[in-house]
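Here's a friendly walk through one model. Have a look at it first, and then we'll go through its salt bridges and its helix packing.

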Amino acid sequence: MQGNKATIVDPVKRKVISELFFAPSIVLPIVGGISAGLLSWASGSSYLAGAAVIGVLGGVGWMLTRMIFKVEEITEKAMQVELDKTLQLENRRLDELARQLETDRDHRTQDYLTLLRSLRADFEKAAHKPGLQFRSAQVREQVSHVFEAAVDQLRQSYRLWELAEKLAGKSREKILNDRERALQEVDVTVDRLRAVCEQFQLMVQTENGADLASMREELEATMRVARLAEQRMKELDGPLAGHEAYVQE
């Protein structure tokens with residue numbers, strides 16, 4: 001999860017810095033002004049000296065104007081570009097997971113994944129409202145973490161199903177019970193995420209920014225539940241590896 005955050009945040013920072021300090025509308029007047037200044041120094045032309053001052057001050061002034069009045073807009077655009085790239089890669093992975101879940105003969109896993117993707121899409125559509133992307137960045141990050149946690153639980157449920165298909169007796173029953181518990185945890189996570197997304201959409205409609213704080217608290221509570229579930233699933237890795245080794249033998 002932290003890796004995904006880094007891959008988005010770092011390009012956004014670079015893009016914002018580039019737009020604020022190295023945009024053509026800033027660089028060209030300053031470079032032109034410096035060039036005119038050098039020529040005026042060589043030729044003694046007052047006209048070129050005036051052009052140099054205008055060019056440099058104009059470029060610096062436009063840079064300061066963008067820093068004061070345009071930084072949020074520039075940041076939002078940069079965030080959206082990087083988010084779109086991330087979502088494209090994520091959707092390819094989710095499509096592959098959807099194809100896998102079609103084989104487990106349990107409609108719940110497919111339904112959960114479809115609902116998760118729908119909630120995520122609706123949330124991003126609401127968060128795309130101008131002026132909201134920057135202010136809701138923390139909530140978007142938390143929603144992304146909760147979404148990833150639920151998807152990981154679905155992947156684990158598929159892994160458990162695959163293993164159960166190779167076992168029999170009490171070993172199979174235990175694995176299926178673990179899988180059922182994982183799906184119950186997915187159900188809880190989906191319900192919590194749906195409630196937050198509905199609250200977010202209502203906030204967008206009413207333009208009540210104060211609700212962002214309560215949403216962050218709810219998402220943090222949801223993440224604590226999801227982390228506990230992830231920890232429990234990691235604790236299963238040892239026994240699962242043992243079962244898998246046994247099956248392979």
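## A salt bridge within one helix

Let's start with Arg194 and Asp191, whose side chains meet in a salt bridge, 2.6 Å from N to O. A salt bridge here is a side-chain nitrogen of Lys or Arg within 4 Å of a carboxyl oxygen of Asp or Glu. The two residues sit 3 residues apart in helix H6, so about one helical turn separates them. Helices are DSSP runs (H or I, at least four residues), numbered from the N terminus, and strands are E runs of at least two.

Arg194 counts as partly exposed at 29% relative accessibility, and Asp191 is partly exposed too, at 35%. The cut-offs are simple: buried is under 20% relative accessible area, exposed is over 50%, and partly exposed lies in between (1.4 Å probe, protein chains only).

A word on the source: this is a predicted model, where local features need pLDDT of at least 70 and side-chain atom pairs count only at pLDDT 80 or more, while totals for chains, interfaces and linings use all residues. Residues are numbered from 1 along each chain as its sequence is written, and side-chain values use heavy atoms, with hydrogens and water left out.

## Other salt bridges

By the same rule, the count comes to 15 salt bridges. One of them joins Arg179 to Asp104, with the closest N and O atoms 3.1 Å apart. This pair ties together distant parts of the chain: Arg179 is in helix H6, Asp104 is in the loop between helix H3 (46–101) and H4, and they are 75 residues apart. Arg179 is buried at 6% relative accessible area, and Asp104 is buried at 3%. Both belong to a network of salt bridges that links Asp104, Asp106, Arg108, Arg179 and Glu180.

Then there's Arg120 with Glu124, where the closest N and O atoms are 3.8 Å apart. These two are 4 residues apart in helix H4, which puts about one helical turn between them. Arg120 is buried at 7%, and Glu124 is buried at 12%.

## H4 against H5

Two packed helices are described by the angle between their axes and the distance between the axes. Helix H4 (residues 107–127) and helix H5 (residues 137–164) pack at about 170°, with axes 11 Å apart. That makes H4 roughly antiparallel to H5. Axes are lines fitted to C-alpha atoms, for helices over the stretch in contact, and angles run from 0 to 180 degrees between N-to-C directions. Under 35 degrees is roughly parallel, over 145 roughly antiparallel, 65 to 115 roughly perpendicular, and the rest oblique.

Where do H4 and H5 meet? Among the residues in contact (heavy atoms within 4.5 Å) are Tyr112, Leu116, Arg120 and Glu124 in H4, along with Val143, Phe147, Ala150 and Leu154 in H5. The residues of this contact divide into 11 nonpolar, 3 polar and 4 charged. Nonpolar covers Ala, Val, Leu, Ile, Met, Phe, Trp, Tyr, Cys and Pro; charged covers Asp, Glu, Lys and Arg; the others, Gly among them, are polar.

## H5 against H6

H5 also packs with helix H6 (residues 169–206), at an angle of about 160° and with axes 9 Å apart. That makes H5 roughly antiparallel to H6. The contact includes Val143, Ala150, Leu154 and Trp161 of H5, and Arg179, Leu183, Val186 and Phe200 of H6. By class, the contact has 15 nonpolar, 3 polar and 4 charged residues.
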